[in-house]
Amino acid sequence: MTQALQTANHQYHERLKQVLPGGVHYNFNMPWEEVPLHFVDGRGSRLTDMDGNEYLDLYARFGAMILGHAHEEYLDALQDAVRRVLCVSHTDADADALELMAAHIPSAEMIRFGLSGTEILQTALRLARAYTGRNRFLRFENHYHGNADNIMGGRVTDPQNPVPVDFKGDYKGTAGRATNVMADQSYLLPWNDTELLESFFGEHGDTLACVLTEPVCVNGGSIEPAPGFLERLRALCTEHGVVLIFDEMITGVRTGLGGAQKALGVIPDLTTLGKAISGGGVPVSALAGRRELMALLESKKVIHAGTYNGYPLGAAAVAATFTILARDDEAVLHAMHRRAGQLRSTLVEEAARVGLPLVVQGPPGVASYHCSEEPLEHPGQYDFDLMSKDIIVATAFQRHGVLVSSISRLYPNAQLSDDDLEVFETRARRALGEAKQSIDEIFGS
Ligand SMILES: Cc1ncc(COP(=O)(O)O)c(C=O)c1O
């Protein structure tokens, strides 16, 4: 038996692999992580694994865990919901959840719940197609909108006709996907290029059902929109009768309860939400939008279905999350952003101390670090080499007791404390020294 197999974590992984493909439920799994950590306890910002090792959790389950682990008020609300009625179609929990969301999110005149981001994005496309009577949609390179065949990966080979096609080496490509659905349904453009957008709309604007974008491109490295880009996109969509969809799966709640749309002052027609809206304990996604569009669901012109849609525990979780975070003018979120800012400064300072070029960019609730001299300006800069360096840092972090997302995100939570910040500083110092050495060995100093 190898040394590795002697840990409880490794032994458990071996057992799991007999019945669970790869021992994981998720194939985009952290690329560096041969054996995933299995956790047995979570308190605040800390997690404990099966071997008793403690970690600072800045990964927060892809950003969903915004309240931190074992948040008392949140757990009380979930317990109350569980004890009252667990599985029926309609309860008294919906109105609170939906009214709170509508009160904060500018585009949310009406809202429907689903379970995952992937499925709610498909409903958004369906609604936009029904509303416009058009089929094609535009999305942008390096954005992510779920793992359905028609919306993930692909590359444009002819800029004159920017339809995405499969290509070998696309890590989102993989086998088994339906052929041509991307090419038949969509266009794919680089993001943040207003001139290109203008000329694209000139040619194709009247054929589009909708444009889909993350308002801050978190999946492409937490890149903020270029000045005027989203405003111009909004105007072009209105001009050409195209539905504008903001995918706020990550930016929703984390950038403020009104999402990035409120912070940036650009209001889409439809918004997709998920992850942090339900506080991280249970899955809920949401489609929010203008009454006129959402009315297509009311008239049943467009189908939106799902066994568990609007389940009581999920609605209670959304209501509790918005209640906790809205209190005192979003005081908890402001405090979380402040601490995230401190964390960011520490990371940059500690990287500089060991001579590792590193920047942190993006709004404080959804920031990413990059082993780069300068912040990235467009998602195309988040290339293989940069991603590899960022992963080396993430690996070193994990070895020293800090969990961050494989794609270099730093997700704070509402319980992040001064003590956590101190622990981060100590661990980051050790981890970054080690990361710098590995990066120099692989890429040259
Ligand atoms: C912006 C964005 N949209 C959609 C999704 C898909 O959500 P889900 O994983 O719940 O299907 C994700 C997931 O990471 C995301 O980041």
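Which backbone atom lies 3.2 Å from a nitrogen atom of the ligand? A backbone N or O atom of Tyr144 does.

1. Some ground rules come before the details. This is a predicted model, in which local features need pLDDT of at least 70 and side-chain atom pairs count only at pLDDT 80 or more, while totals for chains, interfaces and linings use all residues. Residues are numbered from 1 along each chain as its sequence is written, and side-chain values use heavy atoms, with hydrogens and water left out.

2. Let us stay with the ligand. Its surroundings (residues with a heavy atom within 4 Å of it) include Ser116, Thr118, Tyr144, His145, Asp247 and Lys275. This shell divides into three nonpolar, six polar and three charged residues; here Ala, Val, Leu, Ile, Met, Phe, Trp, Tyr, Cys and Pro count as nonpolar, Asp, Glu, Lys and Arg as charged, and the others, Gly among them, as polar.

3. Two side chains deserve a look as well. An N or O atom in the side chain of Thr118 is 2.6 Å from an oxygen atom of the ligand, and one in the side chain of Asp247 is 2.6 Å from a nitrogen atom of the ligand. The protein buries 83% of the 390 Å² that the ligand exposes when taken alone (accessible areas by the Shrake-Rupley method with a 1.4 Å probe).

4. Strand 5 (residues 136-140) pairs with strand 8 in the parallel sense over four bridges, and Phe137 has Ser186 in strand 8 as its bridge partner.

5. Another open sheet has four strands in the order 1-2-3-15, again with mixed pairing. Strand 1 (39-43) and strand 15 (402-403) stand at the edges with a single partner strand each, so one side of each has no neighbour in the sheet. Strand 3 (residues 54-57) and strand 15 run parallel and are joined by two bridges. Asp57 stands opposite Leu403 in strand 15.

Notes:
Pairing = 2+ DSSP bridges. Polar contact = N/O pair within 3.5 Å; in protein donor to acceptor, adjacent residues only side chain to side chain.
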